[in-house]
Amino acid sequence: MLFQNIRAKNPTAVLVGTGFLISVVVVLPAALLAQNAEPWSVPADAIKVKNPVPMTGEGLTAIAPLYEQDCARCHGVTGAGTGPAASSLPKEPAKFTDTKMLKNTTDGALFWMITTGRDTMPSYAQLSVLQRWQLVNYLRDLARRSQYRWLGVKHAR
Ligand code: HEC
């Protein structure tokens, strides 16, 4: 047997090999299964919260660097879900170019999801309340921009 041979020669190799096997066979699929396939269960109260921050050019410009430095590595600069880190994630990042998805999601729900996070989507509770609402506006703007991109219309920002 292969294993008996290794054991006879090098006990450490057997230990390391077994550890590797356990991580491939047990831990990895468990991590994949742990990815939530269900829609987010955003509390009803959070869904109803109104966005107190109006969408302005200044607000979008103020929050753009934060989106581009952090969110974009997964969600992509354009919001298409194709950031450089996206392919290494067990679950696709949300696409903010998906206007239908965003239409069915309230600002309050977006704010709550950004604050809470889930699985590989980090929690951003450490950002200020203003910054999180500005991000919500930024995501809406990405969706709007994606609708006009095919016309060659450049965003005003
Ligand atoms: C490490 C990768 C990663 C980073 C960084 C990241 N996200 Fe995500 N995000 C995800 C993944 C993956 C999902 C899908 C999670 C799910 O549905 O379980 C997601 C989902 C979301 C959703 C939920 C959309 C919906 O309606 O289902 C929002 C909103 C969101 N991200 C906003 C942001 C914002 C804003 C930032 C930056 C402040 C950000 N994310 C940074 C990976 C990331």
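Leaving aside neighbours within four places in sequence, Glu 92 is in contact with Gly 81 and Ala 86; being in contact means that the C-beta atoms of two residues, placed from the backbone, lie within 7 Å. Glu 92 sits in the loop between H4 and helix H5 (99-103). Helices here are DSSP runs of H or I with at least four residues, strands are runs of E with at least two, and both are numbered from the N terminus. This is a predicted model, where local features need pLDDT of at least 70, side-chain atom pairs count only at pLDDT 80 or more, and totals for chains, interfaces and linings use all residues. Residues are numbered from 1 along each chain as its sequence is written.

**More on Glu 92**

- Is Glu 92 buried or exposed? With 12 C-beta neighbours inside 10 Å, Glu 92 counts as exposed.
- The cut-offs go like this: a residue is buried if 20 or more other C-beta atoms lie within 10 Å of its own, exposed if 12 or fewer, and partly exposed in between, with C-beta atoms placed from the backbone.
- From C-alpha to C-alpha, Glu 92 and His 75 are 8.7 Å apart in space, while 17 residues separate them in sequence.

**The chain as a whole**

- Count up the secondary structure and you get 7 helices and 0 strands.
- Read from the N terminus on, the elements go α-α-α-α-α-α-α.
- The chain has 157 residues, and buried ones make up 16% of them.
- Take the contacts in the chain with a separation of 6 or more: 60% of them are between residues 24 or more positions apart.

**How H4 and H7 pack**

- Two packed helices are described by the angle between their axes and the distance between the axes.
- Helix H4 (residues 57-75) and helix H7 (residues 129-148) pack at an angle of about 95 degrees, and their axes are 9 Å apart.
- The axes are lines fitted to C-alpha atoms, for helices over the stretch in contact, and angles run from 0 to 180 degrees between N-to-C directions.
- H4 and H7 are therefore roughly perpendicular to each other. Angles under 35 degrees count as roughly parallel, over 145 as roughly antiparallel, 65 to 115 as roughly perpendicular and the rest as oblique.
- On the H4 side, the residues making the contact include Gly 59, Leu 60 and Tyr 67, and on the H7 side they include Gln 131, Leu 135 and Tyr 138.
- Sorted by class, the residues of this H4 and H7 contact are 8 nonpolar, 4 polar and 1 charged. Nonpolar covers Ala, Val, Leu, Ile, Met, Phe, Trp, Tyr, Cys and Pro, charged covers Asp, Glu, Lys and Arg, and the others, Gly among them, are polar.

**The largest nonpolar core**

- A nonpolar core is a set of buried Ala, Val, Leu, Ile, Met, Phe, Trp, Tyr and Cys residues joined through C-beta atoms within 7 Å.
- The largest one has 15 residues, and Tyr 67, Leu 110, Phe 111, Leu 135, Val 136, Tyr 138 and Leu 139 touch the most other members.
- H4, H6 and H7 each supply at least two residues of this core, and H7 gives the most, with 6 residues.
- Tyr 67 is in contact with Ala 72, Leu 135 and Tyr 138, once you leave aside its neighbours within four places in sequence.

**Around the ligand**

- How many residues surround the ligand? There are 24, and the closest are Cys 71, Cys 74, Pro 93, Ala 94 and Met 121; a residue is near a molecule or strand if its C-beta atom, placed from the backbone, lies within 6 Å of it.
- H4 and helix H6 (107-116) are the elements that give two or more residues to this shell.
- H4 provides the largest share of the shell, 5 residues.
- The shell has 15 nonpolar, 4 polar and 5 charged residues.

**Other residues to look at**

- Asp 119 lies in the loop between H6 and H7, and its phi is near 50 degrees, a positive value in a residue other than glycine.
- Most residues other than glycine have a negative phi.
- Asp 119 is exposed, with 12 other C-beta atoms within 10 Å.
- Leu 130 is in helix H7 and counts as partly exposed, with 13 C-beta neighbours inside 10 Å.
- Leu 130 and Val 53 are 77 residues apart in sequence, yet 7.3 Å apart in space, C-alpha to C-alpha.
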